[in-house]
Each structure stands twice: as structure tokens, then as C-alpha cells.
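Thanks for asking me to look this over. Here are my notes, point by point, for you to read alongside the model.

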Amino acid sequence: MTKQNHVLSTSLVSTFISSNSSPTTIKKPLAATTLRRLITTAIARKKDSVNGCDWIVDTLMTTTLFTRSPTRDLDLGASNWIVRRPSALGVFDEIMRAANGKQIVVFLDYDGTLSPIVRDPDQAFMSDSMRATVKEVAVNFPTAIVSGRCYDKVYSFVRLGELYYAGSHGMDIKGPSKGPNKCQKVHLQPALEFLPMINEVYRTLLEKTKSIPGATVEHNKFCVSVHFRCVDEKRWSTVAEQVRSVMKEYPKLRMTKGKKVLEIRPSINWDKGKAVEFLLESLGFANRKDVMPIYIGDDQTDEDAFKVLGDKGNGLGILVSHIPKATHAFYSLEEPSEVMNFLRRLVEWKRLNQRGQL
Ligand SMILES: [Mg+2]
């Protein structure tokens with residue numbers, strides 16, 4: 001298949017999904033004949049621009065694309081690459097219909113969601129317009145930043161006191177310092193005892209990687225990030241070997257991989273999903289049918305949060321990605337600029353809702 005066909009076909013699938021279905025409305029897989037008829041109709045509509053699309057039908061027939069169980073998608077392997085979640089902007093009105101009468105709570109990852117991914121992680125600044133948008137969101141909805149960065153670092157980027165923050169992959173949670181949701185009582189550090197160990201590992205990793213050009217080690221208080229985005233690809237394995245050699249000495253720590261980064265953190269049963277659950281409970285929203293959490297994130301660590309919301313069945317995960325990926329999220333946005341558009345529409349929807357214009 002040519003690259004052009006791939007792009008066109010992916011676009012077609014995306015269009016089809018957006019116009020014909022949504023995880024919020026479809027509760028069980030469509031019958032195979034119905035699914036084939038719908039897809040064939042969609043292809044017929046597009047036949048002038050796309051040729052030879054039978055493979056899409058066959059691929060879609062073997063996926064769980066139209067089920068409410070995105071978890072299964074993760075087990076489908078490489079054949080699942082084609083799946084793109086519907087655009088959260090494309091089905092915005094539908095999402096808002098589902099949210100009507102409910103308290104929306106917003107959870108936002110930082111890197112790659114509010115800010116672009118950049119070569120130097122210390123330069124991952126968010127734009128002033130994004131900051132203003134997030135502030136508007138926080139004024140209208142309880143809003144939390146959930147990041148792998150330590151609290152101090154992510155706060156230095158966001159600089160908004162109106163938000164809840166869950167830094168260090170949710171291991172450092174603090175309430176807003178100002179604004180309508182001001183709440184100093186929300187405070188949790190479930191990995192406090194690991195601080196000396198993390199400090200030690202940070203120093204060791206600095207030493208071990210200093211001879212690898214481009215490798216940087218970031219201390220994120222309760223976890224350590226080893227960035228290799230600027231390392232020559234031929235030396236990526238050397239970075240991994242060095243990190244693994246250090247990890248052998250610390251069985252109470254575990255390593256996960258993000259976007260060109262290796263994350264070392266305590267082996268405790270805590271992640272971004274647990275942080276979301278903790279915050280919802282702290283806010284008095286746990287197990288309430290009239291609450292709709294929305295989580296937007298771009299990385300593997302955000303999947304834990306997507307899964308929590310998917311399992312609860314009352315929240316929405318939105319994956320930020322310009323390529324289809326296996327994910328627990330229900331919807332997608334392509335990049336931070338689309339995240340900003342979505343958040344602006346969310347605020348506008350709230351205003352119109354309050355004025356009774358919806
Ligand atoms: Mg991210």
C-alpha cells in the first residue's frame with residue numbers, strides 16, 4: 001500500500017467513525033452484516049477519492065472498534081494500528097449531550113498535551129493562550145494537572161494557582177492555592193519513604209550517563225526521568241543498559257518507558273489512574289452518576305487514567321496523538337492546539353448552558 005493510500009484510508013476510517021458511531025452511544029458490537037453495510041456505505045460515499053478499500057472492511061471486521069471495551073484493543077497487536085478514536089472535536093456536541101446535567105471534572109497531562117514535545121525538557125513551555133484557556137477551564141470546572149514532572153517543575157511551567165496538581169505521576173498531590181476551589185487540605189504523598197532512594201538513584205544515573213552525549217537525567221522528586229531524545233539512536237541501547245544496571249540494585253523501584261524517556265519510580269500500587277481516583281474522592285465525586293470526568297493525555301502513563309475512567313463507565317479519556325494507537329481512551333485530539341480548541345469549546349458550552357441558551 002502506498003503512503004498516500006494509507007493516509008487517505010486512515011482519514012476515511014476516522015470520518016466514518018465520527019459520523020456513524022461513538023463509544024458513548026454504542027453499548028455492544030454491531031452485527032457483522034450491519035457493520036459491513038455501514039462501512040460499505042461509508043466507502044461508497046468516498047469512492048471518488050479512495051480506491052481499493054476492501055482491506056479497511058476486513059481490518060475493521062476483526063477489531064473491537066465498535067465496542068465499549070477499548071481494553072481489548074490493547075491485546076490485538078500490530079493489526080490494531082489502524083484504529084483511530086473519534087475526534088473529540090468532531091463529536092463535541094455528542095459528548096456535551098452526554099454531559100448535560102453533570103458536573104464535569106477536567107484532568108490534564110502537561111507534556112505533549114498542553115505544551116509541545118521539545119528536545120530540551122526544561123524548555124517545554126506552554127503558550128500564554130494555552131495558559132489563559134486552562135485558567136478559564138479551572139474557573140468553570142474543577143481542574144487538575146496530572147504529570148510525570150515533579151510538582152515544582154510543572155507548576156513553574158503552568159503558573160496557575162487555581163488548579164489541583166498531581167506531580168511525579170500522581171505521587172505528589174496538592175490542592176489549589178487560590179481561586180474558587182482553593183483547598184489546601186487535598187495533599188497526598190504516597191511514596192514519601194522513597195525519597196532518599198530516589199535521590200541516590202538520581203545521583204547514580206547522572207554519573208552513569210554522563211559519558212553519553214545528549215542523555216539527561218531529570219529529578220522529579222518521587223521519580224527520575226532519563227531522557228534520550230537527543231541521544232544518537234545508535235546509543236539508545238547503551239542508555240537502556242546503564243539504567244537497567246542501576247535498577248538491578250533497587251528491586252523496590254520499577255522502570256517504564258515514555259516518549260524518548262525512561263521513568264524510574266517506586267514499585268507501589270500508584271499511578272495517574274490512582275491519582276484521578278484520589279482526587280475524585282477528595283472532591284466528593286467518587287461513585288456519583290452525575291459527575292463526568294474528562295482526562296486528556298498523550299503518553300503511555302496516561303493509559304492508567306484512561307482505563308480508570310473507562311472501567312468506571314462515567315468518564316472520558318481523550319488521547320492526544322496524530323497517529324492511531326492502541327489506547328484505553330474513547331476519543332482523540334491530534335495535538336496541543338486541538339486540546340486548546342476543545343477546552344475553549346468546553347468553557348463556551350458552560351457559559352451557554354448557564355445562560356440557558358442550549
Ligand atoms: Mg504527556
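1. Let's start with a β-α-β unit: β1, helix α6 (residues 128-140) and β2 form one, and its hand is right-handed. Please keep in mind throughout that this is a predicted model. Within the unit, β1 and strand β2 (residues 143-146) run parallel and are joined by 3 bridges.

2. On its other pairing, β1 meets strand β10 (residues 291-297) in the parallel sense, over 6 bridges. Here a handy pair to click on is Phe 107 and its bridge partner in β10, Tyr 295. How enclosed is β1 by the rest of the structure? Largely so, because 5 of the 6 residues of this strand (residues 103-108) are buried.

3. Now the sheet as a whole. Strands of a sheet pair through backbone hydrogen bonds, and they can do this parallel or antiparallel. In this model, 8 strands make an open sheet with mixed pairing, in the order β5-β4-β3-β2-β1-β10-β11-β12. Its edge strands, β5 (187-188) and β12 (331-333), each pair on one side only. At the β12 end, strand β11 (residues 316-320) pairs with β12 in the parallel sense over 3 bridges. Ile 318 has Tyr 331 of β12 as its bridge partner.

4. Ile 318 comes up again in the packing. The largest nonpolar core has 54 residues, and Ile 145 and Ile 318 are the ones with the most contacts inside it. Which residues does Ile 145 touch, leaving aside neighbours within four places in sequence? Its contacts are Leu 108, Tyr 110, Val 154, Val 158, Leu 163, Tyr 165 and Ala 166. Another core, of 20 residues, lies apart from the largest one; among its members are Ala 191, Tyr 202, Ile 264 and Trp 270.

5. Tyr 202 leads us to helix α8 (residues 195-209). Its 15 residues should span 21 Å at 1.5 Å a residue, and the end C-alpha atoms are 21 Å apart, so expectation and model agree. (If you try the sum yourself, the expected span uses one less than the number of residues.) The buried residues in α8 are Ile 198, Val 201, Tyr 202, Leu 205 and Thr 209. Why do they sit on the same side of α8? Because they cover an arc of only 105 degrees around the axis.

6. What do the buried residues of α8 pack against? Their partners are β6 (216-219), β7 (224-227), α9 (236-247), β8 (253-258) and β9 (261-266). Buried in α9 are Val 239, Gln 242, Val 243 and Val 246. These line one face of the helix, because they fall within an arc of 95 degrees when seen down its axis. On the other side of α9, the exposed residues are Ser 237, Glu 241, Arg 244 and Ser 245. The buried residues of α9 pack against α8, β7, β8 and β9.

7. Two backbone angles deserve a look. Lys 260, in the loop between β8 and β9, has a positive phi near 55 degrees although it is not a glycine. Lys 260 counts as partly exposed because it has 16 C-beta neighbours inside 10 Å. Asn 287 is likewise not a glycine, and its phi is positive, near 60 degrees. This residue is in the loop between α10 (272-282) and β10. Is Asn 287 buried or exposed? It is exposed, with 9 other C-beta atoms within 10 Å.

8. Finally, the overall tally. The chain has 12 helices and 12 strands. Of its 358 residues, 38% are buried. Among contacts with a separation of 6 or more, 59% are between residues 24 or more positions apart.

Conventions:
Residues numbered from 1 in each chain as written. Predicted model: local features only at pLDDT ≥ 70, side-chain atom pairs only at ≥ 80, totals over all residues. Helix = DSSP H or I, 4+ residues; strand = E, 2+ residues; numbered from the N terminus. Buried ≥ 20, exposed ≤ 12 C-beta atoms within 10 Å, placed from the backbone. Arc of directions from axis to C-beta. Contact = placed C-beta atoms within 7 Å. Pairing = 2+ DSSP bridges. Core = buried A, V, L, I, M, F, W, Y, C linked by C-beta atoms within 7 Å. Right-handed = clockwise from strand over helix to strand, strands pointing away.
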